[in-house]
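Hi,

Here is the structure I promised to pass on. Have a look, and my notes follow below.

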Amino acid sequence: MAVDVTDEAPDLQPLSPGLYIVATPIGNLGDITLRAVDVLRRCDGVACEDTRVTGKLMKHLGLSKPLWRYDDHSEHRDRERLVNSMRDRAVALVSDAGTPLVSDPGYRLVNDCRAEGIPVTVIPGPCAAIAGLTLSGLPNDRFLFAGFLPSKEKARRDALTDLSGIDATLVFYETAPRLLKALAAIGDALPEREIAVARELTKLHEELRRGLAPGLIAWFEKHPPKGEIVLLIGPPVETHSSVADIEALLWEALDTLKPSQAAAQVAKATGEDRKALYARALEMRRE
Ligand code: SAM
């Protein structure tokens with residue numbers, strides 16, 4: 001359903017010139033903010049990653065504006081032209097989804113605008129990393145967003161080892177075809193750390209799964225993942241292994257594993273006694 005906003009409103013005030021960084025929905029189009037719609041309605045044009053993707057959003061909003069393809073690897077001359085045009089034009093920067101610059105183009109453009117004294121402002125809104133973090137329920141007082149893990153096995157392992165000492169929840173973007181490999185690498189490098197997989201956020205098949213690597217691998221081997229994924233790793237274990245946390249880990253592991261396997265997995269992760277955990281897992285099953 002299209003939003004009831006058109007660019008033919010009689011009281012349309014032009015925006016002052018400059019760069020407007022505009023966040024757009026990560027799935028559910030209802031998540032567009034009122035300010036985002038207002039800026040897209042009043043700007044002179046939109047710099048975007050893919051004119052087809054942004055064209056669909058504009059159509060949904062009932063808007064029609066010039067769309068200019070932009071990525072940070074665009075020719076320097078193209079960027080210079082775009083920046084210069086903002087001396088007397090208001091340009092909205094959007095990415096295909098979510099917040100521009102967060103694993104998306106815009107970093108160079110923002111810095112070039114600053115260097116040229118062009119005003120830059122932000123219209124905040126959806127961001128998959130933040131949506132995944134909030135839905136995961138993992139500790140969020142400290143978190144580190146680390147973009148995409150490298151796709152090559154050794155580089156991925158090295159990246160995880162580099163990040164392992166950081167006392168914070170780690171947040172990554174991941175793709176469905178690479179999820180199992182990423183989970184296996186986390187299981188090897190950080191076996192004791194709790195993981196959350198946030199998939200298809202804000203969409204029809206939104207899913208959140210939490211647990212240790214073996215349980216999640218077992219689940220996603222049976223249910224091959226599709227769509228878009230935020231992968232999160234909880235902070236180092238000593239900061240969250242209270243009795244309640246251990247019970248929660250056991251509950252999660254029992255979702256996909258037998259009591260003996262669940263107990264072994266949680267014992268490995270927490271250093272707790274495997275037999276005691278097995279006895280508790282059997283009780284939980286009975287409960
Ligand atoms: N700038 C965007 C943002 O603020 O969310 C992220 C762009 S990045 C190129 C795309 C990645 O974001 C996807 O590969 C996926 O990891 C994550 N992502 C985007 N939309 C998502 C969604 N609806 N659910 C889960 N992850 C999503």
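How far is a nitrogen atom of the ligand from an N or O atom in the side chain of Asp104? The answer is 2.8 Å, which counts as a polar contact (a pair of N or O atoms within 3.5 Å). Before the rest, a caution: this is a predicted model, where local features need pLDDT of at least 70 and side-chain atom pairs count only at pLDDT 80 or more, while totals for chains, interfaces and linings use all residues. Residues are numbered from 1 along each chain as its sequence is written, and side-chain values use heavy atoms, with hydrogens and water left out.

A polar backbone atom of Val102 sits 2.7 Å from a ligand nitrogen atom, and one of Ile229 is 2.6 Å from a ligand oxygen atom. On its own the ligand has 570 Å² of accessible area, and the protein covers 90% of that (Shrake-Rupley method, 1.4 Å probe).

Around the ligand there are 19 residues (a heavy atom within 4 Å of it). Thr99, Val102, Asp104, Ala128 and Ile229 come nearest. By class, the shell has 11 nonpolar, three polar and five charged residues; Asp, Glu, Lys and Arg count as charged, and Gly is among the polar ones. Strand E10 gives the most, three residues (strands are DSSP runs of E, at least two residues, numbered from the N terminus).

As for the domains, the assignment (automatic or from a database) gives domain 1 (18-123), domain 2 (128-233) and domain 3 (243-286). Domains 1 and 2 both give residues to the shell, so the ligand lies between them.

Cheers

How values were computed. A polar contact is a pair of N or O atoms within 3.5 Å; within protein, one must be able to donate a hydrogen and the other to accept it, and residues adjacent in sequence count only if both atoms are side-chain atoms. Helices (H or I, at least four residues) and strands (E, at least two) are DSSP runs, numbered from the N terminus.
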